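Here is a friendly walk through one protein model, from its overall layout down to a few side chains. Have the sequence and the 3D view open side by side as you read.

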Amino acid sequence: CVAHAGNDHRLGAQEAPPAIISLYPGTGFEAHVDSIIKGAPLLGYRAEKAAADPRASAAMPAVCGVEDRNRTAPFPFCGNRFEFRAVGSSQSCAFPIAVCNAIMASGMAALSALIEGGMSHRDAVAKLF
């Protein structure tokens, strides 16, 4: 859906978007999901800020988000949301977003089935991971 002759080789080829779309939500979100799987509550995740060390004595540390802000990431997690960047400038993002929505709907249907079957919300979310 995002492969396109003009898109596959932009920015020197194989940089943006990559041939394989992967997702990296960051270490903080990953740790929160791991804690849910181990029995922690669902709520409590906060997008943390950190000070970026400029490694120069003449510059002050800058407060920044800890999420994936890599410009070549096709589907980065940005603190409290995902961004979809994989389509080229001449392409419509309608079909890729429809695919993402279908995937999300499938996951929500599975979650709903577990909850309606009597499982607690927390346990149902943990089971899906």
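## Overall layout

Along the sequence, the protein chain runs through the pattern α-α-β-β-α-α. That amounts to four helices and two strands, where helices (H or I, at least four residues) and strands (E, at least two) are DSSP runs numbered from the N terminus. This is a predicted model, in which local features need pLDDT of at least 70 and side-chain atom pairs count only at pLDDT 80 or more, while totals for chains, interfaces and linings use all residues. Residues are numbered from 1 along each chain as its sequence is written, and side-chain values use heavy atoms, with hydrogens and water left out.

Of the 129 residues in the protein chain, 22% are buried; here buried means under 20% relative accessible area, exposed over 50%, and partly exposed in between (1.4 Å probe, protein chains only). The protein chain exposes about 8900 Å², and carbon and sulfur atoms supply 60% of that area. Accessible areas come from the Shrake-Rupley method with a 1.4 Å probe, and for residues only the protein chains shown count as cover. Among contacts in the protein chain with a separation of 6 or more, 40% join residues 24 or more positions apart; a contact means heavy atoms within 4.5 Å.

## Helix H2 and its buried face

Which residues of helix H2 are buried? In this helix, which spans residues 27–37, they are His 32, Val 33 and Ile 36. Seen down the axis of H2, these buried residues fall within an arc of 95°, so they line one face of the helix. The arc is taken from the directions from the helix axis to the C-beta atoms. Part of what covers the buried residues of H2 is helix H4 (121–128). Just after H2, Gly 39 takes a positive phi of about 120°.

Leaving aside neighbours within four places in sequence, His 32 is in contact with Pro 41, Leu 42, Leu 43, Gly 44 and Tyr 45. Ala 31 also lies in H2, but at 44% relative accessibility it counts as partly exposed. Ala 31 and Tyr 45 are 14 residues apart in sequence, and their C-alpha atoms are 9.4 Å apart in space.

## An aromatic pair

A search of the whole structure turns up one aromatic pair. The ring centres of Phe 29 and Tyr 45 are 5.2 Å apart and the ring planes stand at 90°, so the pair is edge-to-face. For this label, rings of Phe, Tyr and Trp (its six-membered ring) pair if their centres lie within 6.5 Å; planes under 30 degrees apart count as stacked, over 60 as edge-to-face and the rest as tilted.

The pair links distant parts of the chain, with Phe 29 in helix H2 and Tyr 45, 16 residues away, in the loop between H2 and strand S1 (49–52). Phe 29 is partly exposed, with a relative accessible area of 22%. Tyr 45 is also partly exposed, at 27%.

## The core and helix H4

Which residues form the largest nonpolar core? Its six members are Ile 36, Leu 111, Leu 114, Ala 124, Val 125 and Ala 126. Helix H3 (94–116) and H4 each supply at least two residues of this core, and H4 gives the largest share, three residues. A nonpolar core is a set of buried Ala, Val, Leu, Ile, Met, Phe, Trp, Tyr and Cys residues joined through side-chain atoms within 4.5 Å. Beyond its neighbours within four places in sequence, Ala 124 is in contact with Leu 111, Leu 114, Ile 115 and Met 119.

In H4, the buried residues are Arg 122, Ala 124, Val 125 and Ala 126, and they pack against H2 and H3. The whole structure has one salt bridge by this search, in which the side chains of Arg 122 and Asp 123 meet at 2.7 Å, N to O. The criterion is a side-chain nitrogen of Lys or Arg within 4 Å of a carboxyl oxygen of Asp or Glu. Asp 123 counts as partly exposed, at 37% relative accessibility.

## A positive phi between the strands

Most residues other than glycine have a negative phi. Arg 55, a residue other than glycine, has a positive phi near 55°. Arg 55 is found in the loop between S1 and strand S2 (62–65), and is exposed, with a relative accessible area of 76%.
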